Structure formats: C-alpha cells, structure tokens
Amino acid sequence: MRNLLLFVIRFNYVFVFLVAEAISMVFVVRNHSYQRTGFLNSAGIITGSMLNTYFKFSEYLKLSIVNEKLMEENAFLRMRTYGVSDTMSSIDVCDDSMRVMYQFIPAKVINFTTNKATNYLTLNKGKKAGIQRDMGVITATGIAGIVNNVSENFATAMSVLHKDCRVSVKVKRFNYPGTLQWSGGNPRIAEITGIPGYLPLAVGDTIITSGFSAIFPENIPVGVISEFEVPGGGSFYSVKVRLSSDLETLQYAYVVNNLLQKEQRELEELNRD
C-alpha cells in the first residue's frame, strides 16, 4: 500500500492530466454534435471488435465439443453405406436381412506412435463403451489398427504400422484377396503379398478390406497401389500401397464391434480341429 501511495504521489501530475483530459472530452462530446457522432461511431467499432473477439474466444472453448459432435455425425454418414443407425453412441450395421452385424463405436485417439517397428494407438474409450480385444479400428478414410488391450475407460490398438499386424485385403477391381503388412519406413506405404502375377494390376487400383477376417467388414478403404512388380523367378506380385488413412495426424477413430465374431471363430475352429 505504501508503495502504491508513493507511486501516485510521484506521478500525480500525470493522473491530474488524464482526469482533466477525460473531463474535457466529455464536455466536447456533449456540446458538439460532430464530435459526438464521431465518438459514438468509434465506440461502436471498439465495442463490436471486443464482442467479436469474445465470440471467437468462446467458440474456441467449444471446439472440443464441436469436434465430438462432428466425429459422431461423420461416423453416421460414413457408415450409412453399410447399414442403418439408431444411436450416436454406436453405429448399427445391418446385412441385407436387416440383421445387425457390426457396431461402430466413435472414439478419440489420445496417443499414438508412427516411428517405431511396433506402433500403437491409445483410445479414450474402453470396456464401458463396449470395446474388447480383437476389434478393428478404422478412421473416416480407412483402416487404423486392431485392439489388443482394454481397461474400463481406455483401449490400446496395434497400429497398421506394426510389424506383426496383418490385414486381409483385396484389389477392388478384381475382387482378389491378399495380405497387407507394414515393413517399416514410410508410415504412408504398406505392402501386399499373395496376389498372383497374372492379374493386370495398375498404379492407382483401389485396395479395400476383403471381409475374410472377423475383424474388419468388407469394403473398408485401405489405399491405392503406388507401385508393383513380380520379383525375378516369382509368381506373385510385390505390391506397395499408399494408405488412405494418415496415421501421423490421427485424432478420431471408430472401433468395429463384430457382433457375430465369436460365432464365426468358434465354427472355423471346428474345422481346424
């Protein structure tokens, strides 16, 4: 308090000048219409600018909520091609007989890696949201990974950019299956094996999920062929694919719950026995 008083005393002439200036401006604005009009216009501009800044700031604070809503709406619109949706907490996907086969659960990616040989994603939803091991993870543009560990509120997934992740895919134009695997290096490029060399492939051919596994539905985008060759003496292509999902900027994803996965795997296990 003492320092404040000393400051006021030291610069008292400044405060007196400012008060006098303010009083003068009040008299000028009151008694002269031209100055009053200019003052009101300037005040309006300043007030409008302040309100606009406040509006932008408040909108910025709401971005997280808006993003969540956009994610849910995007999931709904994106997955309509696979079935119908009754809720926004999950997307129900039906077959031709209207039997629910899949649910797509929206989630936010809260952590991920792309620069290792074994890359993972962390999602902000877990068992409470119905997520379990061996569920596929997709984005609005393609595949992302496979869930491997789950807690009550979180889940981790083995990324497509993991040396042990293998996904059954196919060349859309020929409906011929192969296996997608990432061998390291460029996080946008993966490789496909198992496609016979007699197929007339072309750069730009679309790759989609085959539906042969119990993890991913059929026809989920994977990427496009960027280059291919038949190694010397071989009979199968070595195909490089540019992934449609940019896993280096991933923010939102959808976890695929195959409601018939257990039944399918139990039946297929009988054949192995």
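**Reading features of a predicted model**

User: How far apart should the ends of helix 5 (residues 261-272) be at 1.5 Å a residue?

Analyst: This is a predicted model. The expected span is 1.5 Å times one less than the number of residues. Helix 5 has twelve residues, so it should span 16 Å; its end C-alpha atoms lie 17 Å apart, which agrees.

User: How many of the twelve residues of helix 5 are buried?

Analyst: A residue is called buried if its relative accessible area is under 20%. In helix 5 the count is one, so the helix is hardly covered.

User: What can be said about the largest pocket, and what is its volume?

Analyst: Rolling a probe the size of a water molecule over the atoms shows where empty space is left. Here the largest pocket has a volume of about 250 Å³. It is lined by 15 residues, and Arg166, Ser213, Ala214, Ile215 and Arg265 are the closest to its centre. Two elements, strand 7 (166-171) and helix 5, each give two or more residues to the lining. Helix 5 supplies the largest share, four residues.

User: Which residues of the largest nonpolar core touch the most other members?

Analyst: The core has 47 residues, and the answer is Val137, Ile143 and Leu180. Leaving aside neighbours within four places in sequence, Ile143 is in contact with Val137, Leu180 and Ile220, among others.

User: Where is Ile220, and is it buried or exposed?

Analyst: Ile220 sits in the loop between strand 10 (206-209) and strand 11 (221-229). Its relative accessibility is 2%, so Ile220 counts as buried. Ile220 and Ile208 are twelve residues apart in sequence, while their C-alpha atoms are 5.4 Å apart in space.

User: Which residues does Gly130 touch, not counting residues up to four places away in sequence?

Analyst: Gly130 touches Ile105, Met135 and Asn257. Gly130 and Asn257 are 127 residues apart in sequence, and 8.1 Å apart in space from C-alpha to C-alpha. Gly130 belongs to the loop between strand 3 (118-123) and strand 4 (136-138). With a relative accessible area of 28%, Gly130 is partly exposed.

User: How many aromatic pairs does a search of the whole structure find?

Analyst: The search finds one. The rings of Phe228 and Tyr237 have centres 5.4 Å apart and planes at 90°, so the pair is edge-to-face. The cut-off for that label is an angle over 60 degrees. Phe228 is partly exposed, at 28% relative accessibility, whereas Tyr237 is buried, with a relative accessible area of 10%.

Note on methods. Residues are numbered from 1 along each chain as its sequence is written. This is a predicted model: local features need pLDDT of at least 70, side-chain atom pairs count only at pLDDT 80 or more; totals for chains, interfaces and linings use all residues. Side-chain values use heavy atoms; hydrogens and water are left out. Rings of Phe, Tyr and Trp (its six-membered ring) pair if their centres lie within 6.5 Å; planes under 30 degrees apart count as stacked, over 60 as edge-to-face and the rest as tilted. Buried means under 20% relative accessible area, exposed over 50%, partly exposed in between (1.4 Å probe, protein chains only). A nonpolar core is a set of buried Ala, Val, Leu, Ile, Met, Phe, Trp, Tyr and Cys residues joined through side-chain atoms within 4.5 Å. Contact means heavy atoms within 4.5 Å. On a 1 Å grid over the protein atoms alone, a cavity is a set of points where a 1.4 Å probe fits but cannot get out, and a pocket is an open set with protein on both sides within 12 Å along at least five of seven lines; lining residues have an atom within 4 Å of a point. Grid points are joined across faces, edges and corners, and a volume is the space filled by probe spheres set on the points.
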